[in-house]
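Please open the model in your viewer, show both chains as cartoons, and keep the selection tool at hand. The tour below goes from one stop to the next, saying at each what to select and what is there.

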Amino acid sequence: METVDVTHLQELLDSFANKDVYIHLETTNGSYASHFQEGFFNAGAFIRNVIIRYELGKVAGESPHRIGLKLPSGWIYAQGITHYTLDEHNRLLMAGLGPDGKLAVALEISETPFAY
Amino acid sequence: MLQKERHVLVVFPHPDDESFGIAGTIAEYIEMGVPVTYACLTLGEMGRNLGNPPFANRETLPQIRKQELLDACDAMGLTDLRMMGLRDKTIEFEDPEKLVKMMTDLIEELTPSLVISFHPTLAVHPDHNATGVAVIEAMSRMPEANRPVLYMKAFDNDTLNQLGEPHVVHQTPNVADKKIAALRAHASQTVWMLPDMEKRWAANDKDALDWLYNEAFYIHKFN
């Protein structure tokens, strides 16, 4: 993954618009957050291999960026995206990595299902 | 000196649980000629350490961690590794009967004299606790006469308060090199902590050496 190039990432988001695509969306503080810091309110969310179709996808803000996908009757967004790649399976993988190298958020878009 | 066993079955959910928790125990049993089977339930697909700049992404991490697991098993001398195909962070949401059957099948096939897994409530990560729950449930359904002993790892901050001192402590300084090699094999998980640990070992830091040489367990009491 490379740090986000807004123009290129915008082109990639456009290329998946108006198609049935598989989504991976994840936010996390890690399972050990409240072990290492007592009282830490640990929250996160995860969906994988849900099929959606978006009509408009947009990169917003300076890094870390926000990515929003407008659906016919809803929305998906991810905040904190720093890195992206189009991998060898033509999947658009985006991630928000902290300075410590830990993933905090991921948003991935693919025309084929992600592995289990 | 570890007690001789007929066969040891280790059940943990993530590649690296075995190296952090019991690499010395595994290596020592293998040196004693005790067969050890490790059932690793997931490939740690949801691990957060990807580096910055990143060395992996969400989709390549599982294959990296699989290779690290194979290398760690080599370092410990473990040859019977079972990768069970579940997904990281989903164990507690699985069908409980599916998990119990998985554990029952392993125990019936291997007839271990000792099973090592996580404590069902004091193992911090939800996957750890859920693994312990499934192992205990499977073993509690066995006839008492056939039931192996169960050692559990517990490391919640409240462990000492709830369970008291560990029931068993394996001292394994003779295989410390293998434990270090196993930890190094899990580079994606340990590259941030090992350099600091190595300094502390070199400086004879008591807590760091205790962590390296001693592996503590609680024995489960079945009703």
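Begin in chain A with A:N18, which you will find in the loop between α1 (6-15) and β2 (21-27) of that chain. Please bear in mind throughout that this is a predicted model. If you display the backbone of A:N18, its phi is near 60°, a positive value in a residue that is not glycine. Most residues other than glycine have a negative phi, and most peptide bonds are trans. Is A:N18 buried or exposed? A:N18 is exposed, because the number of other C-beta atoms within 10 Å is 10, and 12 or fewer counts as exposed.

**Along chain A**

Stay in chain A and select the loop between β4 (56-60) and β5 (65-71), where A:P64 lies. The peptide bond that leads from A:S63 into A:P64 is cis, with omega near 0°, and the backbone atoms of these two residues are the ones to display here.

Now zoom out until the whole of chain A is in view, and colour it by secondary structure. Chain A holds two helices and nine strands, and their order from the N terminus is β-α-β-α-β-β-β-β-β-β-β. The radius of gyration of chain A is 14 Å, close to the 13 Å that the globule rule gives for 116 residues, so chain A is as compact as a globular protein of that length. Along the principal axes, the C-alpha atoms of chain A fill a box of roughly 45 × 30 × 25 Å. Of the 116 residues of this chain, 30% count as buried, and of the contacts between residues at least 6 apart in sequence, 53% join residues at least 24 apart.

**Where the chains meet**

Next, bring chain B into view together with chain A and select the residues at which they touch. How many residues does each chain give to the contact? Chain A gives 23 residues and chain B gives 14 residues. On the side of chain A that touches chain B, the elements to highlight are β7 (83-86), β8 (92-97) and β9 (103-110), each of which gives two or more residues. If you colour this side of chain A by residue class, it divides into 10 nonpolar, nine polar and four charged residues. For the model, the scores are ipTM 0.94 and pTM 0.96.

**Chain B as a whole**

The mean pLDDT of chain B is 97, with 100% of its residues at 70 or more. A compact globule of 223 residues would have a radius of gyration near 17 Å, and chain B, with 17 Å, agrees with that value. Its C-alpha atoms fill a box of roughly 50 × 40 × 35 Å along the principal axes. Of the 223 residues of chain B, 47% count as buried, and 80% of the contacts between residues at least 6 apart in sequence join residues at least 24 apart.

**A pair of helices in chain B**

Select helix α2 (residues 61-76) and helix α6 (residues 176-185) of chain B, whose axes come within 8 Å and cross at roughly 175°. That angle makes α2(B) roughly antiparallel to α6(B). To see the contact itself, show the side chains of B:E68, B:D71, B:A72, B:A75 and B:M76 in α2(B), which meet B:K178, B:A181, B:A182 and B:A185 in α6(B). By class, this contact of α2(B) with α6(B) has six nonpolar, three charged and no polar residues.

**Last stops in chain B**

Move to the loop between β2 (36-40) and α2 of chain B and select B:P53, which a cis peptide bond with an omega of about 5° joins to B:N52.

Then select B:L110 in helix α3 of chain B, a residue that counts as partly exposed, with 19 C-beta neighbours inside 10 Å. Beyond its neighbours within four places in sequence, B:L110 is in contact with B:H7, B:L9 and B:T37.

Finish at B:T111, in the loop between α3 (96-110) and β4 (114-118) of chain B. This residue has a positive phi of about 40° although it is not a glycine, and B:T111 is exposed, with 11 other C-beta atoms within 10 Å.

Notes: Residues are numbered from 1 along each chain as its sequence is written. Chains are lettered from A and ligands numbered from 1 in the order in which they are written. Axes are lines fitted to C-alpha atoms, for helices over the stretch in contact, and angles run from 0 to 180 degrees between N-to-C directions. Helices (H or I, at least four residues) and strands (E, at least two) are DSSP runs, numbered from the N terminus. Angles under 35 degrees count as roughly parallel, over 145 as roughly antiparallel, 65 to 115 as roughly perpendicular and the rest as oblique. Two residues are in contact if their C-beta atoms, placed from the backbone, lie within 7 Å. Ala, Val, Leu, Ile, Met, Phe, Trp, Tyr, Cys and Pro count as nonpolar, Asp, Glu, Lys and Arg as charged, and the others, Gly among them, as polar. A residue is buried if 20 or more other C-beta atoms lie within 10 Å of its own, exposed if 12 or fewer, and partly exposed in between; C-beta atoms are placed from the backbone. The radius of gyration is taken over C-alpha atoms; the globule rule is 2.2 Å times the number of residues to the power 0.38. pLDDT is the predictor's confidence in each residue, from 0 to 100.
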